[in-house]
Amino acid sequence: ASESSHMIILGWDGNDIVLSADDIDYGRAANEKVAPSGDDTDLPDGFRIGLKAACLLAILGCVKTDTAIIELSSNNHAMTIREEDANSNLVLLQMPMKMDDVPIPQV
């Protein structure tokens, strides 16, 4: 991510979660597709939010299981992150930024 903004974009292309980051100061970009683990994804095609990479990494650092469950209800509500363990009471929140005018990169 850019050293000045630390912004990453998390989007949905209809089949996969797309993570992308750009650093225009150095002409670098990275894109990654991740398949969702469940079939309960009902995000609309073209859904995207912006997140601060450092905040997301700090939140994921609190998750002790190998898999984190990320729940998104809309692009203007907090994203919840939970541990995969059903006995865990850990619930973490990160407020996203709407990115309506930013296209999802093609990977």
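**Reading the strands of a predicted model**

Thr80 stands opposite Leu93 in E7. This model is predicted.

Me: How many bridges join strand E6 to E7, and in which sense do they run?

Reply: Start with the general idea. Strands of a sheet pair through backbone hydrogen bonds, either parallel or antiparallel. Here, E6 spans residues 79-83, and four bridges join this strand to E7. The two run antiparallel.

Me: In what order do the strands of this open sheet stand?

Reply: There are three, in the order E5-E6-E7, with antiparallel pairing. E5 (68-71) and E7 (91-94) each have a single partner strand, so one side of each is left without a neighbour in the sheet. On average, neighbouring strands of the sheet are turned by 25° against each other, direction ignored.

Me: Which strands does helix H1 lie across?

Reply: H1, residues 53-60, lies across E5, E6 and E7. Its direction is at about 180° to E7.

Me: Is Asn75 buried or exposed?

Reply: Buried means under 20% relative accessible area. Asn75 has 17%, so this residue is buried. Look for Asn75 in the loop between E5 and E6. The C-alpha atom of Asn75 is 6.0 Å from that of Ile49, though 26 residues separate the two along the chain.

Me: What do E1 and E2 form?

Reply: A hairpin, with four residues between the strands. Gly14 in the turn has a positive phi of about 105°. E1 (residues 7-12) and E2 (residues 17-23) pair over four antiparallel bridges. Ile9 has Ser20 in E2 as bridge partner.

Me: How many bridges join E2 to E3?

Reply: Seven, and the strands run antiparallel. Asp22 has Ala29 in E3 as bridge partner. In this hairpin, Gly27 takes a positive phi near 65°.

Key:
Residues numbered from 1 in each chain as written. Predicted model: local features only at pLDDT ≥ 70, side-chain atom pairs only at ≥ 80, totals over all residues. Heavy atoms only, no water. Pairing = 2+ DSSP bridges. Axes fitted to C-alpha atoms, helices over the stretch in contact; angles between N-to-C directions. Contact = heavy atoms within 4.5 Å. Buried < 20%, exposed > 50% of the residue type's maximum accessible area, 1.4 Å probe, protein only.
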